Each structure stands twice: as C-alpha cells, then as structure tokens.
Amino acid sequence: MSSLSPAGAPLVETKNLTVDFVGTGKPVRAVAGVDLTLAPGEVVALLGESGSGKSVTLRALMRLLPEKRAKIGGSIRVDGRDVTALSRRELSAFRGSTVAMIFQEPGLAFDPVYRVGDQIAEAVVRHERVSRAAGRARALALFERVRIPSPEQRLDNYPHEMSGGMRQRAMIALALACRPKVLLADEPTTALDATVQIQILLLLRELQRELGLAVIFVTHDIGVATEVADRIAVMYAGRIVESGACRDVIRAPAHPYTRGLLASRADHVFTKGTRLETIPGAPPDLTALPPGCAFAPRCAQARPACNAGVPEERTASPHHVARCLLLPAPAEDGACHRADATAAA
Amino acid sequence: MTVLAHDLAHDPAFPDPTLRDRGGPAQPLLSVTGLVKHFGGKRRWRGETKGAVRAVDGVDFAIAKGETLGIVGESGCGKSTTARLVMQIIPPDAGEIVFDGEEVGSRALDLTAYRREVQMVFQDSYASLNPRLTVEDTIAFGPRVHGTPRREATGRAHDLLARVGLEPGRFAGRYPHELSGGQRQRINIARALALQPRLVILDEAVSALDKSVEAQVLNLLLDLKAEFGLTYMFISHDLNVVRFMADRVMVMYLGKVAEVGPSDVILNNPSHPYTAALLASMPSMDPDNRTEEAPLYGDPPNPIDPPPGCRFHTRCRFTSAICANREPPLAAVAGPHAVACLMTQPGSGHPQAAASREVAA
C-alpha cells in the first residue's frame, strides 16, 4: 500500500493481517489480508459496511480481540514495535500511551460507578506515575480542551449524568489523557444526533491538527469519512479493495463496489419518483469466501478471471489503488490506458 | 392489485382498498389534532403532573391520500412516539385521530377495523419478528387473526413474499435468524401489507440496513406504494432518504412541530432556524468544501423540562427576549408551508419578524 507521506517510517503498518474467529462451527475469516499504513499526522478512514472487517482490523491493532477465539496472522507494527509479540505487561503500557481508542457507545466505555474525572486521572496516574492531583489537573485541562462547559463540575459527574454528546467529548478526553501518537476511532459519531455528530467531527479534526495525531477512523458513512479523512480505504469482505486520497476516491472511485456505494446514495437523486441505483445481492458469507474477488458475485462487470484469484492491487492514479482487474495490469504500468482494460473486458 | 387479486375476490373481509375509500380524494386519509403523550412523572394532588417526559406535546398534522409524509428530527423529538400513538400501540393522553373521516375508536371505526387499515414497520427487523414463527406463518398471522382461512392466508403470504423479492419456495419455511437484515426487513414489509392496509407507518425502517441494501429496500417501498396505492408515514433521521421518499416533510423538535411543508421547500429553503441547522449538520460530500463550523452547539435539551416559550430558543442563533416568553404557534407562511417561529410571523415582536424570510433562509 502506498503511503502519501514521504516523511520517514509509517506509524502503523500491517502486512497481510488476517483475523479468524474460531470456536463453535466453521472459522470466520473477518479480516483476510489487510495491508495498511498510517503516516504520522495522517487521518485514514476505513470505510465499509457491517461485516467488512473494519472494526476487527482496528481492534487487532490494539490486540483488544479475545486471544483464544481470535487468531491473528500477519504482522502489525505500531511506532516501530511488533504488536503481536508484546507481553501482557508491555501491552497494557502500550495501550493508552502509544495508541488509544474511542468507541461508538461512550456509555459503555466508562465505568458507571466512578466519577468521569477520576477515571481520567486514574489513567494518567497509572501510565505516568504522577500524583493524583497532577492527574486531576490533566483531566481538567483535557475537559477544557474538548470544550465541555463548566469543566470543574463536570469532572465530578458520573457517566449517566452527561448527555450523549458530552459523554463522547469526555471519552475523547480520556483517550487523549496519556498523549497517544495514534488515535483509533470506531464509529465515534454513529450513535449521535446529526447536530451533535458534526460538532464531534469538527472537534476531532481540530484536535488532530493541533496535536499532530495520526488517526484511523472507522465508519460506514461516506459523508463522515469525507469530513475527516486525508485518505480513504474501502473495505469489503475483510480486504481493502480501494485506497487513495479522499478526493480521488470520492471523485473518481476505481472499484465497482465504491462506485456502487456512491451511486446508491439517495442524495444523488433529484427527480421525484426515480429509482435508486443499487448493488444487487448481499455481502458474502465470511465462513466461505469465494476464491477470487469477493465482490464478483454482485459486480455487473465481473468476468471469469475475477473468480480465479484475489485480484492484486492495481494503480488507478498516483497513490490511488484498487483490487480490481478492470484497472490496467501493473506490468504495463502507465503505458496502458484504463480505457483499454475496460475495452478488453 | 395484480398479485393479490385472486385472493381478494373470494374474501369479503378484505374489499379492494379503492372501494374502501369513504371520504373521497379531498378528505385526508389521516388527520391528527392536539396529540399529547407524557410519560411518567409524579401527580401532585390537585394540579399538574411534575417531572413527566413530554414526548409529544400538542401535535397536529394531516396526511393526504396517496402521499408520503416524512417526519424528521433528533432523538427525543417525539417522532417515534407520534408513530406509536397513530398506530394506537400506546393510548394518547389527549388528541383526536381521524382516519378517512371516521374518528379512531368510535363505533364507526373500532380498533380492529382501524388496524386493518394502518400497519407499521419498525427499525429493528429482528426484534419485531417472532423467532419461533416461520416466515410464512409470520405473514399469514394477521390475516388469520382477522378471519381468513389458513390456506388462503398462506397463499397470500407466498404471493407477498414473491412481491417483496424473496422466492417463496426458498424462504417460506425459514425462521428469522436464518435471514439477513435486509431480507428480514422485507419480511416485515410483507407482513405489514398482508392485511391490505391503506396507510403504512415506516419508523426508521431502513436506518439499520447497510447502505447498499438500504437502496434496494427504498426502491421496493416505492414500487409497492405505486402497486397497492399506499400512503406512507415515513420517519427517518436521514434527510437524504427523506428527500428521496417524501412529498411533504414535518420537522419535529422536543415534542412539537417546528416546520411542515412540501419536501423541496423544507429541504432546500427552510424557514425555521432548526431545520436550517439540521440541514447544515449533514456531512458534506465534497472533500474540498468541508463543514468548518458546527451549526449548533450542545445537545438537544431534556424533554422532561423543555425550555419555556419557543423550545428551540436556547440553541437558536436568532433568539431574542420574546422567544423565551412566547410560544410560537404553527402558522402558515405560504400555502401548505407552516412554520412555528416568531421570526416568520409579522407583528410577533421578534426584531427580525419583518425581514424574516431572507434571514431564515
């Protein structure tokens, strides 16, 4: 996967990451070979529908998946360290201080029986071995930072005393408490109302810019991805099928799945009574992925070669790649025009 | 009417919906006045209840025959409670619901007859199906309760399955857990249509579906509406979907109607500051033109203790002293377009009442 940033080593790098859920019944391959890089200060949106493996990928980066049931394959390097090799003790130091995560439901991420301020202070004390007073001072500064009104009083609130938007701000404060380099966001605005969602998106964008955070933002909403991301990686059935600068992916989607997703949005239809363009069928069964392109059964442009093997990444434009045979093959890189490949189909 | 025609010809309990029309085309199919529902709260001796959630607090609207009314608003605005009140799942505290000229619950239209005319599809496709009934039993259940013989009810279930795009031979014997979310929502739609209703209430019916499946179900809903001559009450938080589906849109805020009117007026040129903020809060689809400033700050207030006067005045950027004291009535601004905002009402005392239109747009 090409990284847009020329500056040094990537902060996050996965190579052929796979996650299989084992247990009763057939193993489920939730992530089927993800190569993802994240440069310092970059925001990547992982875009996909339910079951595409976006959240599992995110959790694998912090090893939050249950060890016995989820088998992780491939390599994960974050900030120069091999995450798969970390011991329990190293892992708990790594979580929070190098990588932190915010979740969809802040009500579940906080402990309901402790005050929010104490939970943030505790994280600071635990990681940085400072006094409780220093931890609390940091919590207050963070609450001001995420613009919670009357922050001093709010530190003494229990999670249920806050509204949804405020709880999400408090969770962002908790995630930033130990100055992580990478922030992982798992659909942080999906449970929020529209007018609150945009406030949280703008807050995240502002914090990212000011603190120079690298962010992986998981979402199913193309609009949300467009608001926050430098780069968009579209996932389908456990693989990244397209990746490129936000502008390129939205304006000139290269993979038929991305094109279908964009075309099926209701805001494209301006005449009343017109039907929406749809992607036929449903996402594949993850216990029995097809040998070739997982999207081929739903793709109008599929041909026999699509079922032969998983398509390799091909370049659509500089720094914009897609796993689709409709794009020119890499051997003829640049020489072959995209129209030729389509004509050959 | 093609698919179900052979069933209905033999079924006196289900005359053709076009024959059931009583009031004629000018009579609204549904008209609701003064609808109120408060939940909980302690009743003080002699006087008002305190601490109640004022979920729906005086709502009036009408739905014409054959139209789709979209209802939008944030969580806690009362849109789902309104749907449940109209469906008579919960009894209203006050208010009148008139269906095609007959008052609901009156002798002319008792609840059994009413529920044959009005059906509902819910957001959670799994929770709203009985896990121990097969698909065909689920769809045939309603008609059987209303007196259709088993064989006919099953035959109709198979017809409807085909109509919502699920092959009866493959799906009739399945249980809900054997289906995907999109397929389950198709079953819910088929079940709602099994009684040949005239009004279908869709309460966030596509919100839990993935985008690629959502588009399929929206198309299906349009097809069914045309084929069966249905009227929809379509509730959603997604303004793009409402824009696609609805003829008219009603915007709700904290249990009241903020604005109602033709969908192209409401969604392109809103008059209420809340509608404008809701529209501006939609994520931009243009990477070069991102949202730079949040249109509103803070969360919607708690419906237990709504602000006095205009309920939106605590978050409104045009607010003035009068807004906290005077509750704006829902008043027509142009034809079918009505707004509950003092700025649009000449002589209301709001400083911008005179030049209101330009400001709100």
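Where in chain A does His319(A) lie? His319(A) sits in the loop between β11 and β12 (320–322) of chain A. This is a predicted model: local features need pLDDT of at least 70, side-chain atom pairs count only at pLDDT 80 or more, and totals for chains, interfaces and linings use all residues. Residues are numbered from 1 along each chain as its sequence is written, while chains are lettered from A and ligands numbered from 1 in the order in which they are written. Helices (H or I, at least four residues) and strands (E, at least two) are DSSP runs, numbered from the N terminus.

**Positive phi angles**

- Most residues other than glycine have a negative phi.
- His319(A) is not a glycine, yet its phi is positive, near 65°.
- His319(A) is partly exposed, with 15 other C-beta atoms within 10 Å. A residue is buried if 20 or more other C-beta atoms lie within 10 Å of its own, exposed if 12 or fewer, and partly exposed in between; C-beta atoms are placed from the backbone.
- Gln88(B), also not a glycine, has a positive phi of about 65°.
- The loop between α3 (79–87) and β6 (94–99) of chain B holds Gln88(B).
- Gln88(B) is partly exposed, with 15 other C-beta atoms within 10 Å.

**Helix α4 of chain A**

- Helix α4(A) covers residues 116–128, which is 13 residues.
- At 1.5 Å a residue, α4(A) should span 18 Å, and its end C-alpha atoms are 19 Å apart, which agrees. The expected span is 1.5 Å times one less than the number of residues.
- Its buried residues include Val116(A), Ile120(A) and Val124(A).
- The buried residues of α4(A) pack against α2 (88–97), α5 (132–145), α6 (151–155) and α7 (164–176) of chain A.
- Just after α4(A), Arg129(A) takes a positive phi of about 50°.

**Sheets of chain A**

- Two strands pair if DSSP finds at least two bridges between them.
- One open sheet has 4 strands in the order β2-β1-β4-β5, with antiparallel pairing.
- β2 (28–38) and β5 (81–82) of chain A stand at the edges; each has a single partner strand, so one side of each is left without a neighbour in the sheet.
- Strand β4 (residues 70–78) of chain A and β5(A) run antiparallel, joined by 2 bridges.
- Arg77(A) stands opposite Asp82(A) in β5(A).
- Another open sheet has 8 strands, ordered β6-β7-β8-β3-β9-β10-β12-β11, with mixed pairing.
- Its edge strands are β6 (99–102) and β11 (314–317) of chain A, and each pairs on one side only.
- Strand β3 (residues 43–47) and strand β9 (residues 231–236) of chain A run parallel, joined by 4 bridges.
- Leu46(A) has Ala233(A) in β9(A) as its bridge partner.

**Where chain B touches chain A**

- 35 residues of chain B are in contact (C-beta atoms, placed from the backbone, within 7 Å) with 35 residues of chain A.
- α9 (211–228), α10 (239–245) and α12 (273–280) of chain B each give two or more residues to this side of chain B.
- α9(B) gives the most, with 8 residues.

**Domains of chain B**

- Domain bounds come from an automatic or database domain assignment. For chain B, the assignment gives domain 1 (5–246) and domain 2 (273–285 + 296–360).
- The C-alpha centres of domain 1 and domain 2 of chain B lie 31 Å apart.
- 7 residues of domain 1 of chain B are in contact with 7 residues of domain 2 of chain B.
- On the domain 1 side, strand β4 (residues 53–63) of chain B gives the most, with 3 residues.

Key
Contact = placed C-beta atoms within 7 Å.
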